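Visitor: I am new to reading protein structures, and I would like to learn how to find my way through one. Could you take me through it feature by feature?

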Amino acid sequence: MVLIIFVINIVYVTFSTIRMILTLKGYRYFAALVSMFEVVIYVVGLGLVLDSLDQIQNLVAYALGFGSGVVVGTKIEEKMALGYITVNVITDELNRELASTLRAKGYGVTDWSAHGLEGNRSAMQILTPRKYELKLYTTIAELDPKAFIISYEPKTIRGGFWVKTVKKGKLFK
């Protein structure tokens, strides 16, 4: 019984985590579908625990399953890698080679000259699907190990050649 409660709660919280992420990313219909499975699993698992509240091991299994489900759900979401990220890169010097190389690899790059505390810099803004995020960081590190990198997730993307390329399915091919 303890193992069943533990596994049910891992599955429930995994679905819950994925549903929340799908909702935040704008996939509301998929999130609704996931929530239907989530609630059935939740009711079954909670029912098993409530039927035997006098057995502390069931409550412990429920709590451990809950925590484990959060980890499993976030790992699955990392693999799904929904959405896009924007990466800002600042290099020590005007570095046109880095921007050109990234463009040749299919990344959307806008670059400009900047001035920092210690002199001239090259600043870049790069847009990429999240599934290519780590590959982008690796490429930047290979070309400029001292590059300063900040990334964030944009909420809205509209316009530009890059969006048209993504919609046509021609990115990174």
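Guide: Let us begin with a single residue, and keep in mind that this is a predicted model. Tyr-12 has a relative accessible area of 12%, and because buried means under 20%, Tyr-12 counts as buried.

Visitor: Which residue forms an aromatic pair with Tyr-12, and how are the two planes placed?

Guide: In this structure there are four aromatic pairs. One of them joins Tyr-12 to Tyr-42, with 4.9 Å from centre to centre and 40° between the planes, and such a pair is called tilted. The two residues belong to distant parts of the chain, since Tyr-12 sits in helix α1 (residues 2-24) and Tyr-42 in helix α2, 30 residues apart. Tyr-42 is partly exposed, at 30% relative accessibility. Ring pairs also bring in Phe-66, which forms a cluster with Tyr-12 and Tyr-42.

Visitor: How should I read a nonpolar core, and which residues have the most contacts inside the largest one?

Guide: The general idea is that in soluble globular proteins, nonpolar side chains tend to be buried together. Here the largest nonpolar core has 14 residues, and those with the most contacts inside it are Val-89, Leu-102 and Ile-126. Two or more residues of this core come from each of the elements β1 (84-91), α4 (96-104), β3 (119-129) and α5 (133-143). Apart from this core lies another, of five residues, and among them are Ile-18, Leu-22, Ala-31 and Val-34.

Visitor: What does Val-89 touch, once residues up to four places away in sequence are not counted?

Guide: Val-89 touches Leu-98, Ser-122, Ala-123, Met-124, Ile-126, Ile-140, Ala-147, Phe-148 and Ile-149.

Visitor: Now I would like to turn to charged residues. How many salt bridges does the structure hold?

Guide: The general idea is that side chains of opposite charge can pair when their charged atoms come close. The structure holds five salt bridges, and one of them is formed by the side chains of Glu-153 and Lys-25, at 2.0 Å from N to O. This pair links distant parts of the chain, with Glu-153 in the loop between β4 (148-152) and α6 (160-167) and Lys-25 in the loop between α1 and α2, 128 residues apart. Glu-153 is partly exposed, at 44% relative accessibility, and Lys-25 is partly exposed as well, with a relative accessible area of 23%.

Visitor: Are Arg-130 and Glu-77 buried or exposed?

Guide: Both Arg-130 and Glu-77 are buried, and their side chains meet in a salt bridge at 2.6 Å, N to O. Arg-130 is in the loop between β3 and α5, while Glu-77 is in helix α3 (residues 56-80), so that the pair links distant parts of the chain, 53 residues apart.

Visitor: What is the N to O distance in the salt bridge of Arg-121 and Glu-118, and how accessible is each of these residues?

Guide: The side chains of Arg-121 and Glu-118 meet at 3.9 Å, N to O. Arg-121 counts as buried at 14% relative accessibility, whereas Glu-118 is exposed, with a relative accessible area of 69%.

Notes
Residues are numbered from 1 along each chain as its sequence is written. This is a predicted model: local features need pLDDT of at least 70, side-chain atom pairs count only at pLDDT 80 or more; totals for chains, interfaces and linings use all residues. Side-chain values use heavy atoms; hydrogens and water are left out. A nonpolar core is a set of buried Ala, Val, Leu, Ile, Met, Phe, Trp, Tyr and Cys residues joined through side-chain atoms within 4.5 Å. Buried means under 20% relative accessible area, exposed over 50%, partly exposed in between (1.4 Å probe, protein chains only). Helices (H or I, at least four residues) and strands (E, at least two) are DSSP runs, numbered from the N terminus. Contact means heavy atoms within 4.5 Å. Rings of Phe, Tyr and Trp (its six-membered ring) pair if their centres lie within 6.5 Å; planes under 30 degrees apart count as stacked, over 60 as edge-to-face and the rest as tilted. A salt bridge is a side-chain nitrogen of Lys or Arg within 4 Å of a carboxyl oxygen of Asp or Glu.
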